[in-house]
There are 2 protein chains.
Amino acid sequence: MKQLQDRILKDGKVKGTSVLMVDSFLNHQVDASLTRQMAEAFHQYFSHKGVNKILTIEASGIAIATFVAEVFQCPMVFAKKNSRQNLPDHVYTSKVESFTHGKVYDVLVAKDFLSPDDRILIIDDFLANGAALRGLISMVEDAHATLVGVGIAIEKAFQSGGETLRQEGIDIYSLARIASMSEETGVVFAPELPTTAKTP
Amino acid sequence: MKQLQDRILKDGKVKGTSVLMVDSFLNHQVDASLTRQMAEAFHQYFSHKGVNKILTIEASGIAIATFVAEVFQCPMVFAKKNSRQNLPDHVYTSKVESFTHGKVYDVLVAKDFLSPDDRILIIDDFLANGAALRGLISMVEDAHATLVGVGIAIEKAFQSGGETLRQEGIDIYSLARIASMSEETGVVFAPELPTTAKTP
């Protein structure tokens, strides 16, 4: 998506060869207008897929996912990072390893909000190694819901998460795919994906 | 706001006399359509106040705040709960006591995203004792920004946070104000507030 790529080139900050700071428009300060454009792009791609629920994970996925839910006219659910010693009852749960923070944490979704009738579109801001995404997918499977696909704002295509999950048959639509980056050369994007999903 | 009050009566779950569960439409599963109506109500109240930035705190404030930012055509910033041992540089920070979780945590906003030119509307889902709100206000003051007002979805008016902050001159607009609640009698609302702020 050109608007997102342009914004990354303008305001993203590269640290080393694997960290991209986008906290001026995506995950600390949020540009609502760009978020709206991203939601429309996800809708265009997945509009014919019968999506009836959006699933994301707190915190930075929430802004995009809420807009996507509005466009699809369906509810949004955000998985919570568990901070309690004991897991509450009646939740689906999964363990996620955070490479950024170097620890493993539990994420959870109340069983009331995922059901076998749900056709779920997962939305998140970043995809790198795919750890958070696998946690969400595992809860969708536990609920016997249908995973329609995954919409990602920025994919670090030089890490293996996206490719591995696509090989497993998951339809991942990323709006900006980074082929490589460094402080010297900046961000190099991979070719854009088709803007509409294949009809199954 | 009638739509929010009706939804609380329909889907809110009262536990004891102080806990209201609204996780089916506000802070776990999110109703985007209701969120849109809340954003419009905040805009109607604060539209003539020159708001140029929305500030909230992760995670459950983000959905509402992003919609509000879109209506005001300005950026949204969400304060982060610090999970690191050491605070990063270049941030405003404040300590917030969580009565729900029984602990004190740091919240932070990068200094880049709050400035003396900002006219800030704070948005959050709940106001009870006001601890989180005081943390946000303290960072606005540290940045020498102007606090225009505060928009709250649900105020527990039987706790003192809102009343105390209003006495300090802060314009708090709450869409649903709960006078009292219990598992036997359900939720009783306080009278609605005027839907437009006074002109200063």
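1. On chain B, the elements that give two or more residues to the side touching chain A are β3 (29–30), α2 (32–46), α3 (62–72), β5 (76–81) and β7 (103–110). Of these, α3(B) gives the most, with six residues. Helices (H or I, at least four residues) and strands (E, at least two) are DSSP runs, numbered from the N terminus.

2. Please keep in mind that this is a predicted model, in which local features need pLDDT of at least 70 and side-chain atom pairs count only at pLDDT 80 or more, while totals for chains, interfaces and linings use all residues. Residues are numbered from 1 along each chain as its sequence is written, chains are lettered from A in the order in which they are written, and side-chain values use heavy atoms, with hydrogens and water left out.

3. How many residues does each chain bring to the contact? Chain B and chain A bring 32 residues each, where contact means heavy atoms within 4.5 Å. Together the chains bury about 2,600 Å², with 62% of that on carbon and sulfur atoms; buried area is the accessible area (1.4 Å probe) that two parts lose on being put together, summed over both. H28(B), Q29(B) and F113(B) supply 25% of the area that chain B buries against chain A, more than any other three residues.

4. Two salt bridges cross the interface, each a side-chain nitrogen of Lys or Arg within 4 Å of a carboxyl oxygen of Asp or Glu. For a look at a salt bridge, find E70(A) and R36(B), whose side chains meet at 2.7 Å, N to O.

5. Strands pair if DSSP finds at least two bridges between them. In this pairing, M76(A) stands opposite V30(B).

6. Finally, some backbone details to check. The peptide bond from E58(A) to A59(A) is cis, with omega near 0 degrees, and A59(A) lies in the loop between β4 (53–57) and α3 of chain A. A cis peptide bond also joins E58(B) and A59(B).
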